[in-house]
Amino acid sequence: MSSYFTHIVCLECGQEQAADPMAKACPRCGSQWLDARYNYQTVAGLWPAALAGRGDSLWRYGELLPLAEPDPEISMGEGFTSLTRLYSYERLYHHEHLYIKDERQGPTSSFKDRQAALAVTAMRRAGITECVLASTGNAGAAYAAYCARAGIKLWLFLTSLVPSEKMREAALYGAEVVKVSGTYDETKHVAAEFAKRKGIHLDRGAKAIPGKESMKTLAFEIAEQLAFNLGADASGRWRSPDWYIQAVSGGIGPMGVWKGFEELLQMGLIEKMPRLGIIQAAGCAPMVNAFKAGHAQAAPVIPKTLITVLATGDPGFSYGYLRQAVLSNGGTMEAIEDGRTFEAMRRLASKAGYSVEPATAVAFAGLEKMLAEGTIRPGEVVVVNCSGHTFTAESHILGDQYVHDLNLAAGQNGTAHLAPDEGLDSAIRILDEQVTSILIVDDNPSDRRLIRRLLQRYKRYRIFEAASGSEALKVVVDHRPDVILADLTMPEMDGFTLLERLKNDPQTADIPVVVVSAKTLTDMDARMLKEYSESVWTKGGFDTRQLVDHVVKVLGDVSAPPADGRLSRSYSIETHETPVEENTGDKQVIVIIEDNPQDLRLARRLLESEGSYRIISAASGRDGLKALYEHHPELLILDLMLPEMDGFEVLRIIQNDPKLRDIPVVVLSAKELTAAERTELEPYITSVVEKASFDRNQFLYIVNRILK
Ligand SMILES: Cc1ncc(COP(=O)(O)O)c(C=O)c1O
Ligand SMILES: [Zn+2]
């Protein structure tokens with residue numbers, strides 16, 4: 001097979017130069033944005049017939065690649081990953097034709113394997129033996145693997161926020177991993193400077209010809225596979241989807257995919273271009289921000305997202321390219337908050353059997369948003385690029401109730417609840433409790449917390465919380481609770497709408513709903529509630545024991561309540577104040593993020609001595625955030641000076657995520673805060689405790705006042 005690569009065009013000034021996979025810059029204007037061009041007419045005469053009988057790897061498209069043949073010593077059969085239809089997901093969203101392009105099937109589990117395969121093959125052909133690359137994670141793993149095969153030494157520059165598992169993977173492949181404490185854009189800068197000083201070849205990612213060209217093969221495969229799935233169109237051509245959706249950081253994926261479809265269109269192999277859905281993490285969405293504001297250039301941002309793979313704060317030229325692509329064809333750019341991403345990740349795994357990495361979950365959360373808002377119209381064919389492992393992220397999304405912990409060897413550790421002679425029966429009974437789930441829907445976090453504790457004091461039910469009707473619907477889809485306790489007045493979607501939605505969907509109509517609300521009911525309200533709910537309880541005006549008994553009855557849970565009188569006290573729920581509540585039994589969870597072991601020990605000891613708090617600690621901002629997602633604590637105690645991601649940044653991420661925003665924060669600070677810092681912190685925190693003038697009693701007083 002030969003390549004029909006004919007020449008290169010400068011994307012900024014149009015200057016042409018000779019075909020060369022390693023070309024670096026435009027000879028006229030110096031731009032690094034170069035584009036390979038081919039003899040499409042000849043290739044159109046060859047494809048698709050010539051492809052029949054070729055192997056299932058991206059090299060089957062050699063005519064339109066800058067290198068036509070793989071190097072057998074380097075290639076690992078990359079490309080030609082499955083295009084799989086997501087039937088159960090389709091049912092969930094009432095939309096047919098949702099497909100996943102399963103890039104997890106590449107040698108290092110992401111679409112970056114395509115790029116690495118071509119780039120490393122081109123390097124070896126050019127006699128390069130050493131290479132520098134900056135990456136947000138996945139390109140690093142892919143290049144490390146391919147460089148190992150090619151015998152090329154790789155200097156891999158990663159930001160310190162890249163999960164250590166990914167760093168270890170690259171190191172295992174023999175890369176020299178350089179961890180940079182800074183943003184990804186700074187890391188890129190450092191890598192380029194290092195390469196220049198040492199005279200080592202720098203891989204220029206999306207700017208390098210093999211990089212973008214490799215991504216075209218995603219488009220070629222999708223068009224060929226869709227024709228297979230949906231049948232060729234009337235004139236026997238391949239098919240484009242209506243939408244191609246991908247999460248974007250630097251943007252090489254959709255840039256290459258767009259170019260691939262353009263080439264197919266030009267050759268008459270497809271009928272139309274797809275629309276692009278470009279999705280970014282809300283904490284690092286320079287493209288989306290600029291797009292929504294109608295700007296032709298993206299202002300760089302400092303990334304504030306846990307999804308490090310997507311942490312390119314300065315997209316530069318790529319934005320203009322993608323914006324043009326989106327505008328030319330009615331696509332869109334959307335931003336997704338991290339909390340939503342983790343929910344989508346869990347949903348995709350549990351509903352569709354796809355374990356993907358957070359960067360892919362961003363794309364799926366984007367898909368969900370576009371479906372919900374009607375951006376994607378009924379019947380449109382959608383393909384989402386999917387990559388990656390979940391091992392780095394499970395703790396973010398699973399929460400602390402993901403495993404039903406049954407300990408038959410009773411009494412061996414503190415969590416065992418079985419007496420030795422109770423046997424299997426009791427074990428089954430306990431499991432029964434643990435798998436009974438209750439959803440509490442209330443926009444007031446302290447009301448939610450109070451109801452949660454009342455119920456959990458009775459039995460170890462699994463409790464989920466939601467702050468609005470729309471959030472509640474998501475939990476219902478994901479977890480099918482056995483009973484729902486719902487408030488009526490909430491922002492976004494109120495309790496009445498929630499009830500209506502639940503009762504009108506045959507899959508949820510049978511879930512009993514108990515209403516707990518402070519709203520004064522009109523006759524019409526009362527009629528509707530009578531039809532749709534089990535019972536209505538007015539906040540502030542009932543004996544909580546009765547409520548719990550009632551919920552237990554609704555659950556059909558007949559086993560006797562505990563005989564120790566733990567529930568005999570009467571609580572009252574006030575709507576707008578923190579409820580006054582006696583602390584008996586259950587512990588409230590406090591997360592402490594503190595890197596100094598002595599300070600941590602002191603705070604932990606003081607709080608534990610109160611007897612009513614369970615302490616979870618983390619020594620870095622990143623681990624701390626994971627702990628917040630995992631444990632949903634009642635309080636966060638936060639040091640400001642932390643390695644890698646400081647307390648200010650942690651606060652900004654918390655503030656940006658509705659899932660975390662409600663958690664009260666006490667700042668522990670080693671230095672006296674400047675007036676400017678105080679002003680910056682003011683809106684987000686409940687109190688500041690200065691370490692220098694630390695007073696145990698005052699500290700406990702502050703914490704107890706917030707939590708009791
Ligand atoms: C699934 C997924 N989406 C998006 C990206 C971001 O890629 P890029 O930086 O090329 O935009 C990656 C990077 O590896 C990824 O794995
Ligand atoms: Zn030029």
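I count as donors the N, O and S atoms within 2.8 Å of the metal. The model I examined is predicted.

**Entry 1: the zinc site**

I looked up the ligands of the zinc ion (ligand 2) and found Cys10 (SG), Cys13 (SG), Cys26 (SG) and Cys29 (SG), at 2.2 to 2.3 Å. Along the chain these donors follow the spacing C-x2-C-x12-C-x2-C. The pair Cys10 and Cys26 links distant parts of the chain, 16 residues apart. I placed Cys10 in strand 1 (residues 5-10) and Cys26 in the loop between strand 2 (16-18) and strand 3 (34-38). Both Cys10 and Cys26 are buried.

I then checked the geometry. For reference, I noted that the ideal angle for four tetrahedral donors is 109.5 degrees.

I traced an open sheet of four strands, in the order 8-7-6-9, with parallel pairing. Strand 8 (176-180) and strand 9 (201-202) are at its edges; each has a single partner strand, so one side of each lacks a neighbour in the sheet. Five bridges hold the parallel pairing of strand 7 (residues 153-159) with strand 8. Within strand 8, Val180 stands opposite Thr159. Helix 5 (residues 164-172) packs on this sheet and touches strand 7 and strand 8. The direction of helix 5 makes about 155° with that of strand 8.

Strand 14 (residues 437-441) runs parallel to strand 15 and is joined to it by five bridges. I identified Ala466 in strand 15 as the bridge partner of Val441.

In helix 9 (residues 286-293) I listed the buried residues as Pro286, Met287, Val288, Ala290 and Phe291. Their cover includes strand 11 (275-281), helix 10 (317-329) and strand 12 (332-336). Gly294 follows helix 9 and has a positive phi, near 75°.

In helix 6 (residues 184-198) I looked up Ala192. Is Ala192 buried or partly exposed? Its relative accessible area is 28%, so I recorded Ala192 as partly exposed. Ala192 and Leu133 lie 59 residues apart in sequence, and their C-alpha atoms are 8.2 Å apart in space.

**Entry 2: backbone exceptions**

Most residues other than glycine have a negative phi, and most peptide bonds are trans. I therefore set out the exceptions, citing that expectation.

- Trp47 and Pro48 are joined by a cis peptide bond, with omega of about -5°. Pro48 is in the loop between helix 1 (40-46) and strand 4 (83-85).
- Phe80 is not a glycine, yet its phi is positive, about 50°. Phe80 is also in the loop between helix 1 and strand 4, and is partly exposed at 21% relative accessible area.
- Ser109 is likewise not a glycine and has a positive phi of about 75°. Ser109 is in the loop between strand 5 (98-102) and helix 3 (112-125). Its relative accessibility is 9%, so Ser109 counts as buried.

Conventions. Residues numbered from 1 in each chain as written. Chains lettered and ligands numbered in written order. Predicted model: local features only at pLDDT ≥ 70, side-chain atom pairs only at ≥ 80, totals over all residues. Heavy atoms only, no water. Donors = N, O, S within 2.8 Å, 3.2 Å for Na, K, Ca; no water. Helix = DSSP H or I, 4+ residues; strand = E, 2+ residues; numbered from the N terminus. Buried < 20%, exposed > 50% of the residue type's maximum accessible area, 1.4 Å probe, protein only. Pairing = 2+ DSSP bridges. Contact = heavy atoms within 4.5 Å. Axes fitted to C-alpha atoms, helices over the stretch in contact; angles between N-to-C directions.
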